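Dear colleague,

I am handing over the structure that we discussed, and below it you will find an account of what was found in it. Please read the account with the model open beside you.

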Amino acid sequence: MAASAAEKYSEDGLPPFTPMPWSEFPPNSDHQGLSNLSLLERSLKEIRAAIPSKYFIRDMRKGMLYLARDVLMATVVLSLATTIDPYFKQAATRELLTPLGSEVARWAAWSVYWWFQGLIFTGIWVIGHECGHGAFSDHKIVNDVLGFITHTILWTPYFSWKISHHRHHNNHASMERDEVYVPKTREDLNIPDEVAGQEIDYDEIFGDTPIYTLYMLIRQQLLAFPAYLPNSILFTKAQRNAVIVSNVGIAAMVWAVSHACITHGTANVIKYYGIPWLEVTHWFIMITYLHHTDPTLPHYRNKEWNFQRGAAATIDRNFLGWQGRFFLHDVAHYHVIHHFFPKMPFYHGYEATQHLRAFIGDHYAYSNKPAFQALWESYNKCQFVENEGDVLFYRDRKGHAVRRPADQYRVQSIKSQ
């Protein structure tokens, strides 16, 4: 049965993918009479022109209201959490629910707090993300002060992250220049080339048990946290002072949390702050991973990469439904438009995406798959890409892809003996 399934797999039968064509038109030319083929050849100026200019306007007052809302929610939820232990430990409650029932209800209440406070904290982190892109305000000083505060209290070195994150945006989906979730190649994983008539034992190479795979996935979600050193090759000499300021902020957080542990007790700091913060780490790693990792998304090498193609090589997801929209400020729902225009405020994402989607057509990627299902499937299906070729798609643990480059971009993956 397994052999029969393997025989049915054929690269020729996969849906072909043609990258988004790209050329510059004269700035004042009239494109209304162009053919459908020509309409696909879009410069970034054309894509921007297809989106009403009002969606590029930053409203600092509106941004401040969103930030104030998040801080207020965090304060209210924290205040409510202070009543959990006193209520469920009091004699009347233990008598009403029984001691065991009271303990179960107490930890259930803490779980509800951790879930929602984690989402609220992540929303505050997203506001800092907006600041880092200059999307929060027209004023750089406002962006940097608020971004520094919101990210530092959530243990992200703001200026260091801002510098490296901008590099990612400028090079997304480039195998040579991107720095975030760049696929491993067949050679990186020491997987031999496919040769006609010879079978590769992929089970031996990727023979992890589901439990081990789950462990590695959880480790990625909780431990993939950035660390930045001023003398790192990631930064220029001109950027080192900003990196140092970021690190001073993190050092201040070390002192503040240590002092809070001494004053209020380590257990309380973990319950009220530590676990929600850990959720922030989980959520933004999960969100960014799912933005950029999907078996249907291309990666590019050499001349086939350009900014527009890289921006389109990300995917919008219905992440946590209404909770993702409300608490996380649509950061996952409308990420494609963000990659095209990072300075566009998040609160214009929905409307702007409708125009972008109409303009670039099938090159817009969207998934309605539940977030945790998408995480599991992407983690298992996105294992490596080929050593050769300028348009690439992930292969799974059997060496299979779900999409292939169109014939003019295709490199034969199976070599002759």
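This is a predicted model: local features need pLDDT of at least 70, side-chain atom pairs count only at pLDDT 80 or more; totals for chains, interfaces and linings use all residues.

Residues are numbered from 1 along each chain as its sequence is written, and side-chain values use heavy atoms, with hydrogens and water left out.

Glycine 132 is found in helix α7; helices (H or I, at least four residues) and strands (E, at least two) are DSSP runs, numbered from the N terminus. Not counting residues up to four places away in sequence, glycine 132 touches Tyr158, Trp161, Lys162 and His166, a contact being heavy atoms within 4.5 Å.

**The protein as a whole**

There are 18 helices and eight strands in the protein, and 49% of its 417 residues count as buried. Among contacts between residues at least 6 apart in sequence, 72% join residues at least 24 apart. The protein exposes about 21200 Å², of which carbon and sulfur atoms supply 61%; accessible areas come from the Shrake-Rupley method with a 1.4 Å probe, and for residues only the protein chains shown count as cover.

**Aromatic rings**

Rings of Phe, Tyr and Trp (its six-membered ring) pair if their centres lie within 6.5 Å, and planes under 30 degrees apart count as stacked, over 60 as edge-to-face and the rest as tilted. By this rule the count comes to 28 aromatic pairs. Tryptophan 125 and tryptophan 161 form one that is edge-to-face, at 5.8 Å centre to centre and with 70 degrees between the planes. Tryptophan 125 lies in helix α7 (residues 99-133) and tryptophan 161 in helix α9 (residues 158-171), so this pair ties together parts that are 36 residues apart in sequence. Both tryptophan 125 and tryptophan 161 are buried.

The rings of tyrosine 158 and tryptophan 161 have their centres 6.3 Å apart and their planes at 35 degrees, so that pair is tilted. Tyrosine 158 and tryptophan 161 are three residues apart in helix α9, and so are separated by about one helical turn. Tyrosine 158 is buried, with a relative accessible area of 0%, and tryptophan 161, at 8% relative accessibility, counts as buried. One aromatic cluster is formed by Trp125, Phe148, Tyr158, Phe159, Trp161 and Phe284.

**Tyrosine 55**

Tyrosine 55 is found in the loop between α3 (44-49) and α4 (60-81), and at 12% relative accessibility it counts as buried. Leaving aside its neighbours within four places in sequence, tyrosine 55 is in contact with Met344, Pro345, His348, Glu351, Ala352 and His355. The C-alpha atoms of tyrosine 55 and tyrosine 347 are separated by 8.7 Å, although the two residues are 292 residues apart along the chain.

**Two loop residues with positive phi**

Threonine 98 has a positive phi of about 75 degrees although it is not a glycine; threonine 98 is found in the loop between α6 (91-97) and α7, and it is partly exposed, with a relative accessible area of 41%. Asparagine 302, which is not a glycine either, has a positive phi of about 50 degrees. Asparagine 302 is found in the loop between β3 (299-300) and α14 (307-312), and at 46% relative accessibility it counts as partly exposed.

Conventions. Buried means under 20% relative accessible area, exposed over 50%, partly exposed in between (1.4 Å probe, protein chains only).
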